[in-house]
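Colleague: I'm still learning to read these models. Could you take a close look at one part with me and talk me through it?

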Amino acid sequence: MVVFEKPIVAKKLRDFHRYLRQNEGKIGTKVRGIDMNINNACNFKCEHCFTEAPSGKNVKERLDIDTVARVADEADELGIFEFDLQGGELLIDKPYLYEVIKAIKPERFYLYITTNGYLLDEETAKTFAKLGVSRVSVSIDSMNPTEHDIFRGHKGAWQRAIDALKYVKEAGMEPYLNITVGHYNAFSEDVEKLCQYSKEQGYTTLVNVAVPSGNWHSMEEIMCDEKDTAHLIELRKKYKNMIRDLWNPFDKKNEAVLGCNTVNRIYITPIGDVLVCPYVHIKIGNIFENSLKEIVEYGHSIKHFRNYNPLCMAGEDREFVNKYLKTPGIGVFRPLDAKKIFKEEDYVEK
């Protein structure tokens with residue numbers, strides 16, 4: 001793994017592994033990562049976009065370099081080892097993205113970029129590798145080019161994504177093929193083809209379950225049911241190169257579940273709001289008002305996010321979704337305020 005080329009990251013990963021062993025394989029309160037949306041501008045119109053970028057939501061705001069550097073320092077102090085840069089589509093402004101990467105100091109993190117791949121050419125991949133990027137995740141929705149292009153709202157998107165993964169691998173970084181799986185496609189031949197292609201090419205398949213948020217707000221019918229979730233585990237066992245944040249990456253049997261990663265992987269928006277995850281649009285602080293340590297401690301004082309949950313709260317836990325995430329109008333830039341929606345009984349006793 002690329003991670004072992006970075007001694008600081010390797011130590012953090014060992015600490016994470018040790019914590020899991022001591023905590024019966026459960027994620028508990030061990031923070032692991034940051035998903036940072038530094039700018040929401042995008043060149044695609046994806047049907048399922050959870051940040052609503054296709055409608056032009058908050059595309060002008062972006063995090064300044066000094067803020068990114070400060071947050072990265074705080075993350076390092078907390079032992080966070082994963083740092084995911086997201087949009088929007090960050091490759092629209094490559095010079096800005098390169099400065100952000102430098103400010104984070106990639107030697108301290110397993111740093112990766114999540115992209116649609118359209119603007120990722122061979123030169124860009126080489127630049128990422130030189131800057132210390134460990135991985136690039138490229139989203140692909142179908143092995144049928146036409147279906148992918150329609151879903152993404154951009155002609156030629158599929159071929160560019162396929163090429164991007166190849167450039168990432170050739171540059172020496174880890175290529176991740178991201179797929180979204182919901183009730184509508186869990187058992188489809190297409191998902192199987194994506195898994196098979198990823199395995200054959202030597203990529204890692206990252207599974208994201210479909211969530212009723214953003215452009216798909218309140219579409220509960222897309223959520224995985226028990227059979228869908230069980231089938232994903234079977235695919236995980238079959239291909240052995242599949243991961244979910246929910247799963248235990250150290251489990252050799254490919255079946256153990258860490259639990260929902262809310263607060264363990266926080267999501268930061270371009271205006272500084274901190275959500276418990278990219279898909280659970282509940283705000284627990286703002287980086288311009290609180291330190292990461294304060295924000296994380298507050299987040300873990302809420303039982304819903306502290307207690308073990310074997311289901312993704314945004315994509316599989318229907319009770320939680322129905323109680324909180326169906327609120328009209330909520331989104332990445334219009335999150336619910338945790339301090340307003342949770343009552344005394346929702347907090348851990350002091």
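Is the crossing of α7 and α8 left-handed or right-handed?

Modeller: Happy to, and keep in mind that this is a predicted model. The crossing of α7 and α8 is right-handed. To find the two helices, look for residues 189-201, which make up α7, and residues 226-239, which make up α8. They pack at an angle of about 25 degrees, and their axes are 11 Å apart. Angles under 35 degrees count as roughly parallel, so α7 is roughly parallel to α8.

Now zoom in on the side of α7 that meets its partner. From α7 come Val191, Glu192, Cys195, Gln196 and Lys199, and on the α8 side they meet Leu235, Lys238 and Tyr239. Sort the residues of this contact by class and you get four nonpolar, one polar and three charged.

Helix α3 (residues 94-104) packs with helix α4 (residues 122-131) at an angle of about 20 degrees, with the axes 10 Å apart. The same cut-off of 35 degrees applies, and α3 and α4 are therefore roughly parallel to each other. Here too you can check the handedness: α3 passes α4 in a right-handed crossing. On α3, the contact uses Lys94, Leu97, Tyr98, Ile101 and Lys102, while α4 brings Thr124, Thr127, Phe128 and Leu131. By class, the contact of α3 with α4 has five nonpolar, two polar and two charged residues.

Next, the strands. There are 11 of them in an open sheet, and if you walk across it the order is β7-β6-β5-β4-β3-β2-β1-β8-β9-β10-β11, with mixed pairing. At the edges sit β7 (242-243) and β11 (336-337), each pairing on one side only. Strands of a sheet pair through backbone hydrogen bonds, either parallel or antiparallel. For a parallel example, pick β4 (residues 135-139) and β5 (residues 174-181), which are joined by five bridges.

Last stop, the aromatic rings. Searching the whole structure turns up 16 aromatic pairs. One of them is Phe44 with Tyr118, an edge-to-face pair at 5.8 Å centre to centre and 65 degrees between the planes. Phe44 is in the loop between β1 (33-37) and α2 (65-77), and Tyr118 is in the loop between β3 (110-115) and α4, so this pair ties together parts that are 74 residues apart in sequence.

Terms used:
Residues are numbered from 1 along each chain as its sequence is written. This is a predicted model: local features need pLDDT of at least 70, side-chain atom pairs count only at pLDDT 80 or more; totals for chains, interfaces and linings use all residues. Side-chain values use heavy atoms; hydrogens and water are left out. Axes are lines fitted to C-alpha atoms, for helices over the stretch in contact, and angles run from 0 to 180 degrees between N-to-C directions. Helices (H or I, at least four residues) and strands (E, at least two) are DSSP runs, numbered from the N terminus. Angles under 35 degrees count as roughly parallel, over 145 as roughly antiparallel, 65 to 115 as roughly perpendicular and the rest as oblique. A crossing is left-handed if the near helix is turned anticlockwise from the far one by less than a right angle, and right-handed if clockwise. Contact means heavy atoms within 4.5 Å. Ala, Val, Leu, Ile, Met, Phe, Trp, Tyr, Cys and Pro count as nonpolar, Asp, Glu, Lys and Arg as charged, and the others, Gly among them, as polar. Two strands pair if DSSP finds at least two bridges between them. Rings of Phe, Tyr and Trp (its six-membered ring) pair if their centres lie within 6.5 Å; planes under 30 degrees apart count as stacked, over 60 as edge-to-face and the rest as tilted.
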